[in-house]
Amino acid sequence: EESEISQGRKIKHGSYPHVVCCCRKKCLLLNDVVLITATLHTGFSRRAKAFEMILAGRFLEGIAAGR
């Protein structure tokens with residue numbers, strides 16, 4: 001089956017998801033690294049007795065959430 005793009009060209013179903021899947025995996029892995037870093041900042045803030053680490057962790061969590 002084929003579908004039309006806004007430019008008038010036709011592509012096969014299934015050719016686009018391969019590109020999305022390839023790039024999505026790297027993006028999700030990067031997002032996980034950011035979340036792990038944020039968790040470590042928040043977790044070790046009490047041991048380091050540094051309130052700023054909680055703020056940095058919450059900031060990174062917000063970036064990872066995409067909001």
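Me: The side chain of Ser45 reaches which backbone oxygen, and at what distance?
Reply: This is a predicted model. Ser45 has its place in helix α1, residues 15-48. Its side chain reaches back to a backbone oxygen, that of Thr42, at 2.8 Å.

Me: Is Ser45 buried or exposed?
Reply: The cut-off for buried is under 20% relative accessible area. Ser45 has 7% relative accessibility, so Ser45 counts as buried.

Me: Leaving aside neighbours within four places in sequence, which residues is Ser45 in contact with?
Reply: Ser45 sits in helix α1. Helix α2 covers residues 51-65. With its neighbours within four places left aside, Ser45 is in contact with Ala50, Met53 and Ile54.

Me: How far apart in space are Gly43 and Ile54, C-alpha to C-alpha?
Reply: Gly43 lies in helix α1. Gly43 is exposed, because its relative accessible area is 52% and the cut-off for exposed is over 50%. In sequence, Gly43 and Ile54 are 11 residues apart. In space, their C-alpha atoms are separated by 8.1 Å.

Me: Where does Lys49 lie, and what is its phi?
Reply: Lys49 is in the loop between α1 and α2. At 76% relative accessibility, Lys49 counts as exposed. Most residues other than glycine have a negative phi. Lys49 is not a glycine, yet its phi is positive, near 55°.

Me: Which residue just after α2 takes a positive phi?
Reply: Helix α2 spans residues 51-65. Just after α2 comes a phi of about 80°. The residue that takes this positive phi is Gly66.

Me: What length does helix α2 reach from its first C-alpha to its last?
Reply: Helix α2 has 15 residues. At 1.5 Å a residue, 21 Å is expected. The span from first C-alpha to last is close to that, at 21 Å.

Me: How many salt bridges are there, and which residues form one?
Reply: The rule needs a side-chain nitrogen of Lys or Arg within 4 Å of a carboxyl oxygen of Asp or Glu. Between Glu61 and Arg58, the closest N and O atoms are 3.8 Å apart. The count comes to 1 salt bridge, and its partners are Glu61 and Arg58.

Me: About how many helical turns separate Glu61 and Arg58?
Reply: Side chains of opposite charge can pair when their charged atoms come close. Glu61 and Arg58 are 3 residues apart in helix α2, so the separation is about one helical turn.

Me: Which accessibility class does Glu61 fall in, and which Arg58?
Reply: Glu61 has 29% relative accessibility and so counts as partly exposed. Arg58 has 57% relative accessibility, and therefore counts as exposed.

Me: How far apart in space are Ile63 and Val34, C-alpha to C-alpha?
Reply: Ile63 is found in helix α2. Ile63 is partly exposed, because its relative accessible area is 48%. Val34 is 29 residues away from Ile63 in sequence. Their C-alpha atoms are 8.1 Å apart.

Me: In what order do the elements of the chain run?
Reply: The chain has 2 helices and 2 strands. From the N terminus on, the order is β-β-α-α.

Me: What percentage of the residues in the chain are buried?
Reply: The chain exposes about 6,100 Å², and carbon and sulfur atoms supply 62% of that area. Among contacts with a separation of 6 or more, residues 24 or more positions apart account for 13%. Of the 67 residues in the chain, the buried share is 7%.

Me: Where in the chain is confidence lowest, and where is it highest?
Reply: The mean pLDDT of the chain is 79. Residues that reach 70 or more make up 66%. Confidence is lowest in strand β1, residues 2-4, at a mean of 46. Confidence is highest, at 93, in α2.

Technical notes:
Residues numbered from 1 in each chain as written. Heavy atoms only, no water. Helix = DSSP H or I, 4+ residues; strand = E, 2+ residues; numbered from the N terminus. Buried < 20%, exposed > 50% of the residue type's maximum accessible area, 1.4 Å probe, protein only. Polar contact = N/O pair within 3.5 Å; in protein donor to acceptor, adjacent residues only side chain to side chain. Contact = heavy atoms within 4.5 Å. Expected span 1.5 Å × (residues − 1). pLDDT = per-residue confidence, 0-100. Areas by Shrake-Rupley, 256 points an atom, 1.4 Å probe, with all protein chains shown as cover.
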